[in-house]
Amino acid sequence: MTGILLAEDEPRIASFVAKGLRGAGLIPTVVTDGPSALDYATTGDFDLLVLDIGLPGLDGFEVLRRLRASGSELPVIILTARDSVTDTVAGLEGGADDYMAKPFRFEELLARIRLRLREDRTAAPTVLRAGDLSLDLHSRRLAVNGREVDLSAREFALAETFLRNPGRVLTREQLLSRVWGYDFDPGSNVVDVYVGYLRRKLGGGYLVTVRGMGYRLEPG
């Protein structure tokens, strides 16, 4: 699962790009303000960040500065105004890997995203481990203390999200957006249903319910 974090506060652009990314087989997560962009970008859940400069709360320059100051090497493509050469230069000097000027064609943005993903692929882990759990991202197989577990595509995505965040409480809203996408009904109980499926397959007490908050993976 290739996760793309899209930080864009204009709904029309965010919807257009997210739809295109899903159609290209990528998994977009949309955030609409700077603090959320920084919070999500530092989780380690994403393979690339598409970052608009004009975000509320924290602008894109500050998000990028703090992200790089934290030691993150997450590839970043910034979105700038077409006539803003200063913004483009500042973004690249601040640690961005590439830029796109608005308005842009989605096909070009997708090509740039794929190029950056190929460049970063050698550094990406192929197996996620947490305690006696391991998830092979290539074969899409989960092992529990050496015992292989068969997963559906959605269960795999859910397991990957938990293994990227061991010990961290993930809210239902976070799981819904990362595994099902923002176009899914937020009132649905699908998260609870699939956590139940995954819990039964894992066995033991790996997935803990945190009342009033969400779920946490305890690797054991």
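This is a predicted model: local features need pLDDT of at least 70, side-chain atom pairs count only at pLDDT 80 or more; totals for chains, interfaces and linings use all residues.
Residues are numbered from 1 along each chain as its sequence is written, and side-chain values use heavy atoms, with hydrogens and water left out. Local features need pLDDT of at least 70 and side-chain atom pairs pLDDT 80 or more, while totals for chains, interfaces and linings use all residues.

**Exercise 1. Helices around H8**

Work out how H6 and H7 are each placed against H8.

Step 1. Two packed helices are described by the angle between their axes and the distance between the axes. Helices here are DSSP runs of H or I with at least four residues, and strands are E runs of at least two, numbered from the N terminus. Axes are lines fitted to C-alpha atoms over the stretch in contact, and angles run from 0 to 180 degrees between N-to-C directions.

Step 2. Helix H6 (residues 153-163) and helix H8 (residues 190-202) have axes that come within 10 Å and cross at roughly 80°. H6 is therefore roughly perpendicular to H8 (65 to 115 degrees). On the H6 side the contact (heavy atoms within 4.5 Å) includes Leu158 and Phe162, and on the H8 side Tyr194 and Leu198. The residues of this contact of H6 with H8 divide into 7 nonpolar, no polar and 3 charged; Ala, Val, Leu, Ile, Met, Phe, Trp, Tyr, Cys and Pro count as nonpolar, Asp, Glu, Lys and Arg as charged, and the others, Gly among them, as polar.

Step 3. Helix H7 (residues 172-180) packs on H8 at about 80°, with the axes 10 Å apart, so H7 is roughly perpendicular to H8. Here Arg172, Leu175, Leu176 and Trp180 of H7 meet Val190, Val191, Asp192 and Tyr194 of H8. The classes are 6 nonpolar, no polar and 2 charged.

**Exercise 2. Asp98**

Find out whether Asp98 is buried or exposed, and what its side chain meets.

Step 1. Asp98 lies in strand E5 (residues 98-102). Its relative accessible area is 7%, so Asp98 is buried (under 20%, with a 1.4 Å probe and protein chains only).

Step 2. Leaving aside residues up to four places away in sequence, Asp98 touches Val76, Ile77, Ile78, Leu92, Arg112 and Arg116.

**Exercise 3. Strand E1**

Describe how E1 is covered and paired.

Step 1. In strand E1 (residues 3-7), 5 of its 5 residues are buried. Gly3, Leu5 and Ala7 point one way, and Ile4 and Leu6 the other.

Step 2. E1 pairs with strand E2 (residues 27-31) in the parallel sense over 5 bridges (pairing takes at least two DSSP bridges). Leu6 stands opposite Val30 of E2.

How values were computed:
Angles under 35 degrees count as roughly parallel, over 145 as roughly antiparallel, 65 to 115 as roughly perpendicular and the rest as oblique. Buried means under 20% relative accessible area, exposed over 50%, partly exposed in between (1.4 Å probe, protein chains only).
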